[in-house]
Amino acid sequence: MRKFTYLVPKTLDEAISLHEARGERAKYIAGGTDVLVKIKEGKLAPDYLISLKHILSQDRPFLNNETGELYVGAFMTHRSIEKSPLVQLHYPILHDAVKNIGSVQIRNVATIGGNLVNAVPSADGAIPLIALDGKAHIYSAKGERTMELLRFFLGPGQCDLGRGEILTEVVIPPQRPRTGSAYMKHGRREAMELPMLGVGVLLSLEEDLNTCAQARICLGVAAPTPFRALMAEKFLVGKAINAENLAEAGRIAGDESRVRDSIRGVAWYRREMVGVLVKRMGLKALERAENKAEGGRLTV
Amino acid sequence: MQALCSVGKRIPKIDAVDKATGRAQYIQDLKLPGMLYGKILYSKYPHARIVHIDTSRAKQLPGVRAVLTGADIPEIKMGVYKDNRPLKVGKVRSYRDEVAAVAATAPHIAREALNLVEVTYEALPGIFDPEQAMQAGAPLVHEEHKTNVLKMPWKLHYGDVEAARKEAAFIVADRFTTTWVTHCCMGTSGAIAEFDPANNLTVYSNTQIPSLAQKDFLEALKAMGVQDRRVRVIKPCIGGGFGSKLDTYAYEYIAILLAYHTRRPVKVEFDRTEEFSATSTRQPTITYISQGCDKDGKLLFRDVSMILDNGAYTSWGATTPSVMMMPITSLYRVPNVRYEAKCVYTNNTYAQAMRGYGNPQATYAIESTMDMLAEAAGIDPIEFRRINANKAGDVSIQGLRITTCGLEECMAVVKDQLAWDRPKEANEGVGMASLIHVGGGARVYKSDGCGTIIKMDDFGKVDLFTGATDMGQGSDTVIAQIVAEELGLHIEDVHVIHTDTDVCPWDVGAHASRTTFVAGNAALGAAKKIKARLLELGAKQLESPLEKLILQDRQIRHREDAEKRIEIGKLLRKTHFSHAGQMLMAEYFYDPTNENMGRDFRGNMSMTYTFGTHGVRVKVDDETGKVRILNYVAAHDVGKAINPMLLEGQVYGGVMMGIGYALSEQVILEKGENMNPNFRDYKILTAKDVVPIAAPVLETYDKDGPFGAKGIGEPGCVPTAPAVANAIYDAVGVRIKDLPVTPERVLAAIRAKKGLDLCGRELSQDHPDECVIQQ
Ligand SMILES: Cc1cc2nc3c(=O)[nH]c(=O)nc-3n(C[C@H](O)[C@H](O)[C@H](O)COP(=O)(O)OP(=O)(O)OC[C@H]3O[C@@H](n4cnc5c(N)ncnc54)[C@H](O)[C@@H]3O)c2cc1C
């Protein structure tokens, strides 16, 4: 492995100026579970690693009681998100995703921000945050900008970050009442498994607790970037949420996918699984929405 | 008989604390003064002529001490068929072919130097399918061999299969395939070679065959022109073997050659990618099998022909038919058997021994078709097997003498513990499969022996030098238990040394589930000699008749007179520090009276055979094709459990290895190239995938085994795949004939059974290609 210098800034501004001074030769590191693997494989050879782990910030997701927005800090580990009662209770789709990333050891160090910036099609963390309509907050010497997380992903391994920019958090707007959501990674093993397919479904119901008021269907590994199956979503709105309609939505989502063959799975199977899992996650989301018919603005 | 104190006890492995605390020294931890680091350059093509190799730039890199290519080294022939060389000359035949090697003062310099070696290749057409490789006009992997089919005539015919076929009331026939899987040892491969000024060679290596490796390395020295020198093989702590270390490999010879050229110790250590792509796999197979029975369900014949993808070179994988013959001829009573196997060169990776040594591949085909035949005959699968079960006293048609046999009991236990007849939910199923394996050594080499030396010190402690190899399976612990039992000592009184050919006696190797049986008997033989001397000395000291004395709790005691006793240590000191003193030492070489196979492959290969039955309950998700294992019961007749805890460990590990083989593991080769040389994409199962496993043990007490024990190292993974495949069939009515049984295969089969295409649409002439997805 190439030698590198490890820098430990304490503030965002310090991190940015350290990066600016070193340019191409520098790379941010959070948990290092992607970046160090790439260095070991010789795919990256930075002279400087700038750690983001010592920048003072919140260490678990929290709610802005004024706005009802959930703040998920980029430097938070998957484990701290997994352990958050707030997430467990009100954002089960996010809990579904982070609790199955890698292993406990990985989740103890790996961050959600690293997962998003690494931007592989199989990033487990991206799908639920997109389904929750998250906004990415990005910080640089020029100040802060925000964008829809969905549009943050440009291609496999590519995201909309300029040199030296730091993803600081993902902010999730308040959910509608009667909302339920669920995520599942489809793989071959129970742990240490990148998804062959990741499927997240979020449903908001009308007061009848049956008609779909809003649907978000977000898919990972079904295209070069995480994406939303908009046609399938549109199909569901106004319809009764049941196995039949969800199966049809799944079929449409399958058609919207741009699955391909790889050593991790064949295209036909991936597309078929989009259908099956959209249905299953939809039913799970429905059940969760019914169980929590309160929803709406949260106070914790 | 005296009650047992050590044998039969759940004693933790004696090296457990060292391993858990990181004190154990693996090859990765070893560093000799002045040591250089060797790295290997592998081929860029699966099949190509080597036109030119330019090493000049690599040699100039500061820190580089030697760069070798095939042209720089003598002709050292490796492998069972002597068709391989440490560094290739003229041609490469697979991606894992070693083209050049570098020794440098640091690993990263060696790696950098590899990038500076310039090799010009001329690509040749490759051949990757053994059935195609057998056809006329196929590219030849070894031109001088004239054909891709190895001249290894694995062929037997006992009885008259064709006549039996005519008589049979029910016949099934099918084709089964298995693919490449790999051992996944936690400790990667590695070796250090060092020459002394007189050219005596010491090799530190992860090997399961120290004595045979010593011989191989001596031959290499001879080829190098170094005559009449000594070779010493030292084993560090070994992080898993499973058969992978049963041969000597290019990297070991490369370490030797680099050390010879540099006059410095040289270490070659594999990283995980190399471990996946440059070590040998389990032998992949294509099996055509038919079996028939009469109207009462009695087996009449078994007819098997196999094609083995040999890969580009030949290691023990090509000899796995010798072990496959055992289940093919002797799993259940079969009066007429025919078997033929062809090993075929391809430009793929080459195979090696791996736990079970061909038995899992053969048993997959046999036990899948046993279920099919039971169904055809309308007999319950367990009953069908019971009708045909082997029994103690049988001599199988191959000449295997079955001395003890708990097969029927194993089936009964599985049936009971799995609640076989319990009503099932939709898509739930049960399946079972049995096994026979060598349990009393295996005479595949000219000797099946193992030596032991025991030396008693002045304090009642034992140093025991054995030829056995502990590679994690726990043989040191088991040997210590056997000796402690025999000498009335505590297990911690017995120090087992197995690491050094300079002090340890000969052994053929840690294979064939033979170590507890053979090395155990060798240790027992030496201990008996010591015991006899101790009793003699004790009789004199205690002035009692020898028959009245026992060894117990570190003492020699009179059976009836509690006053008459002496500490063994004290007795030893008295014997040592007296006029014409003596110290106690003993040696014993145990070679079982098993037989080499004859020309017709008949012969009692093993002193005894281990039997077992695995049963599994699964639930199949018929929308995703995923198979969930609800419960697993693996019952074995082990003769006697010397250490039930280690035994269970062997079974649990074997079963998980077998489930990986059945459901998920696969080295993916695309035109010979390893596409998944990492644990991310090689789907070995994880701790979280472990299923509920029960491991009931049957003790049939084999008279030839140490304290009645038979071998149990391999059986745990032998019948797993067919048991799972049979359960899937029971659950959803589809039979998967290719391993691994992936969700894709299951789902495709479920859909095909319903007359649907892959995408779940009615099969029709109009849109045959509709579900092919455009890339
Ligand atoms: C054994 C193992 C199992 C895994 N299993 C899974 C899995 O199941 N699912 C899954 O999705 N992933 C998995 N991963 C991948 C990885 O753990 C995750 O993507 C993880 O979230 C990355 O976070 P990190 O903090 O370790 O990122 P790092 O490796 O530290 O960084 C990743 C990239 O993001 C950049 N970066 C990090 N934080 C920021 C920031 N705030 N702003 C700007 N740039 C930043 C870094 O420069 C780097 O380019 C696994 C990895 C391993 C090694």
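Predicted model: local features only at pLDDT ≥ 70, side-chain atom pairs only at ≥ 80, totals over all residues.
1. Thr111(A) has a side-chain N or O atom 2.6 Å from an oxygen atom of the ligand. For Asp124(A), a polar side-chain atom is 2.8 Å from a ligand nitrogen. The protein buries 91% of the 990 Å² that the ligand exposes when taken alone.

2. The shell around the ligand has 33 residues, with Tyr28(A), Gly31(A), Thr33(A), Asp34(A) and Thr111(A) coming nearest. By class, 17 are nonpolar, 10 polar and six charged. In chain A, strand 2 (26-29), helix 7 (112-118) and strand 10 (166-172) each contribute at least two residues to this shell.

3. Turning to the interface, 27 residues of chain A contact 32 residues of chain B. About 2,500 Å² is buried between the two chains, and carbon and sulfur atoms give 52% of that area. On the chain A side, Arg188(A), Arg189(A) and Trp268(A) lose the most area to chain B, together 29% of what that side buries.

4. Seven salt bridges are found across the interface of chain A and chain B. One of them joins Arg280(A) to Glu623(B), with the closest N and O atoms 2.8 Å apart.

5. Helix 12 (residues 267-291) of chain A gives the largest share of the chain A side, nine residues. That side comprises 13 nonpolar, three polar and 11 charged residues.

Conventions:
Residues numbered from 1 in each chain as written. Chains lettered and ligands numbered in written order. Heavy atoms only, no water. Contact = heavy atoms within 4.5 Å. Buried area = accessible area lost by both parts, 1.4 Å probe. Salt bridge = Lys/Arg side-chain N within 4 Å of Asp/Glu carboxyl O. Helix = DSSP H or I, 4+ residues; strand = E, 2+ residues; numbered from the N terminus. Nonpolar A, V, L, I, M, F, W, Y, C, P; charged D, E, K, R; others polar. Near = heavy atom within 4 Å. Polar contact = N/O pair within 3.5 Å; in protein donor to acceptor, adjacent residues only side chain to side chain. Areas by Shrake-Rupley, 256 points an atom, 1.4 Å probe, with all protein chains shown as cover.
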